[in-house]
Amino acid sequence: MAEMRFSQSVSARLEGGVLVVAIDNPPVNALSAHVRSGLIAALDHAASAAEIIGLVISGAGRTFIGGADIREFGTPPVGPSLPDVIDRIEAFEKPVICAVTGAALGGGCEVALACHGRIAGETATFGLPEVKLGIVPGAGGTQRLPRLIGTIAAIDLIGTGRAAKADETVALGLADAVVADPLTAAVAAVRDNAGRPLRRTGGMNVPAADSAAIDMAATTIIAKSRGQSAPAEAVRLVRAAGSLGLEQCLAEERATFLRLRDSTEAAALRHVFFAERAAGKVETLADVAPRRIDTVGVVGTGLMGSGIAVSALTSGYRVIALEQTREAAASGHERIAGLLDKTVQSRRLTAEARDACLARLETTAEAKNLATADLVVEAVFDDLSVKTALFRTLDGIVAPDAILATNTSYLDPDRIAAATADPSRVVGLHFFSPANVMRLVEVVDCAKTAPDVLASALAFVNRLGKLAVVCGVTEGFIGNRIFSAYRREAEFMVEDGALPHQIDAALEAYGFPMGIFAVNDMAGLDIAWARRKRQAATRDPAERYVEIADRLCEAGRLGRKTGLGWYAYANGERTVDPAVTAVIDAARAKKDIVPRAFTAEEIMDRLLTAMVDEGKALLAEGIAARPGDIDLVMINGYGFPAHKGGPMFAAQ
């Protein structure tokens with residue numbers, strides 16, 4: 001039978017009495033108005049045609065349904081609404097089975113939940129990620145999911161917004177089966193269910209669960225939310241499913257969804273969402289093809305280098321890791337293998353995939369072995385002479401079209417590039433530690449970086465599954481320059497009367513996972529100390545300078561690694577140390593500063609102002625392309641709470 005078309009994005013064919021509906025709305029089959037109206041039209045047709053025994057809903061391409069259409073954000077609603085479509089599916093008198101290939105996310109997952117059966121393909125994922133946008137599912141997700149998989153599992157999936165892979169969904173009871181050909185299996189399931197009582201998710205009872213276990217699951221989610229409203233609201237709604245009727249709970253869910261949708265928190269998270277879509281896009285590279293990268297060289301296999309190597313290996317690259325000695329190379333191999341083992345233990349990698357990664361790994365003490373590398377990333381000691389000497393050596397080893405990337409945090413990559421025979425092939429790739437975990441990479445466009453080299457660096461970072469933010473050359477790039485600015489402001493406040501733990505408490509109450517002085521202790525105070533000593537000769541004597549951190553370093557208080565820093569770490573626990581307070585008191589006395597009290601609000605106002613002022617300077621200098629890029633760096637590299645949108649958004 002010829003194809004039937006129900007809207008610009010919804011078509012169908014009749015297969016032995018089963019209407020096989022396909023949603024084709026690239027790139028992710030979003031639930032646009034024409035998708036919703038097309039589904040209603042298909043249901044209307046199936047209801048009126050006696051020869052049709054039921055429907056299969058499927059998605060064309062690699063996605064089932066990727067959620068709401070972001071182009072409809074902030075626009076007047078166009079009917080039919082998604083709840084209306086979902087209610088119609090669930091109440092339909094003929095069986096409706098979904099064949100899920102790829103992702104069923106947000107509204108797509110809610111459509112699947114309303115179907116009378118769910119067949120998953122091997123690459124299928126199901127998720128309700130709405131909390132990541134500051135909202136809750138608004139079309140029955142908080143009510144139908146717990147009826148299928150139970151309250152505790154639903155609290156986890158909805159409260160975190162994570163996606164579950166196919167095998168997990170079957171174990172949970174979300175999907176009925178995982179098969180290689182879900183479309184064929186879904187057609188068979190329609191035939192099996194035709195004429196039989198249908199399993200309507202909304203009519204099911206929520207499985208009984210231990211109340212203490214539910215409390216624990218809820219507490220875990222709320223503790224991780226760091227002040228964000230949506231996860232707590234999602235937990236409340238999921239719990240209500242077990243005690244209140246479906247109709248009442250759906251009304252409360254929708255009211256909560258609409259209230260949160262209009263909140264500042266949701267606006268902040270939408271800003272982050274759109275900023276991520278814009279990040280890494282450079283207009284001048286629109287028609288520039290990246291160079292091919294198959295083999296990645298990594299120089300240095302310490303914490304940073306081994307993390308970069310693992311990221312490249314798990315993304316399918318061949319990796320050659322260089323160390324100074326055979327013993328160091330062997331230790332590097334062991335370190336990389338250990339990180340891969342941890343990934344297997346956390347179930348983010350299979351044992352077979354780990355073995356394939358190790359088969360693509362070579363660790364060596366012979367620099368000449370890097371000759372086949374298409375890209376070499378250095379992760380050696382952050383010293384200009386060390387890095388320039390390395391790049392001069394690589395000049396004589398790697399192919400002329402191989403790319404050289406520096407991972408420096410504070411050094412000038414233009415000076416490193418100038419030491420090479422061809423500065424156009426040098427680019428900055430500033431990873432954040434641990435590189436196999438942290439998502440952010442600052443891609444530094446140096447003065448002479450060739451366009452196809454920059455395009456290649458962006459393609460490489462994207463293949464790693466990381467977030468690339470392009471920036472120009474400046475000391476500390478975007479992130480460390482802003483970090484230095486608000487660390488300096490924090491130290492001014494310490495000198496003026498606040499104590500480190502008070503400033504850290506204000507940051508943590510705002511939503512940071514850790515305060516700035518605790519972060520400094522974790523990173524090691526000696527790194528910034530070395531930088532301050534390098535800058536001493538050129539520092540403006542009229543510029544305010546706080547010596548407290550220098551005094552701590554001189555006393556051997558270098559942070560967690562020495563057990564003493566801004567805090568003391570007896571038994572590994574962070575505690576306020578009177579010895580630090582004494583150093584602070586002495587510094588104040590030396591400058592005749594009479595300490596005063598600071599409120600948490602005043603502390604945050606000053607820190608945010610410092611961040612924003614530095615951000616504005618970065619934009620004015622052309623170092624950062626857009627305010628959203630600055631926000632992404634601070635959120636993904638420095639713990640700024642995403643639900644506050646980043647410092648530039650918060651300033652609005």
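I looked up the contacts of Phe126 first, taking contact as heavy atoms within 4.5 Å. Leaving out residues up to four places away in sequence, Phe126 touches Val100, Ala104, Leu105, Cys109, Ala112, Ala120, Arg162, Ala163, Ala164, Thr169, Leu174 and Ala175.

This is a predicted model, in which local features need pLDDT of at least 70 and side-chain atom pairs count only at pLDDT 80 or more, while totals for chains, interfaces and linings use all residues. Residues are numbered from 1 along each chain as its sequence is written, and side-chain values use heavy atoms, with hydrogens and water left out.

Next I checked the nonpolar cores, each a set of buried Ala, Val, Leu, Ile, Met, Phe, Trp, Tyr and Cys residues joined through side-chain atoms within 4.5 Å. Buried is under 20% relative accessible area (1.4 Å probe, protein chains only). The largest core holds 68 residues, and Leu19, Phe64, Ile89, Phe126 and Leu145 have the most contacts inside it. Helix 1 (residues 33-48) supplies the largest share of this core, six residues. I also found a second, separate core of 61 residues, with Val444, Ala490, Ile584 and Met634 among them.

I then turned to the whole chain. Buried residues are 53% of its 652. Of the contacts between residues at least 6 apart in sequence, 73% join residues at least 24 apart. I noted spans of about 90 × 60 × 45 Å for the C-alpha trace along its principal axes.

I counted 26 helices and 19 strands, as DSSP runs numbered from the N terminus (helices H or I, at least four residues; strands E, at least two).

How values were computed:
Buried < 20%, exposed > 50% of the residue type's maximum accessible area, 1.4 Å probe, protein only.
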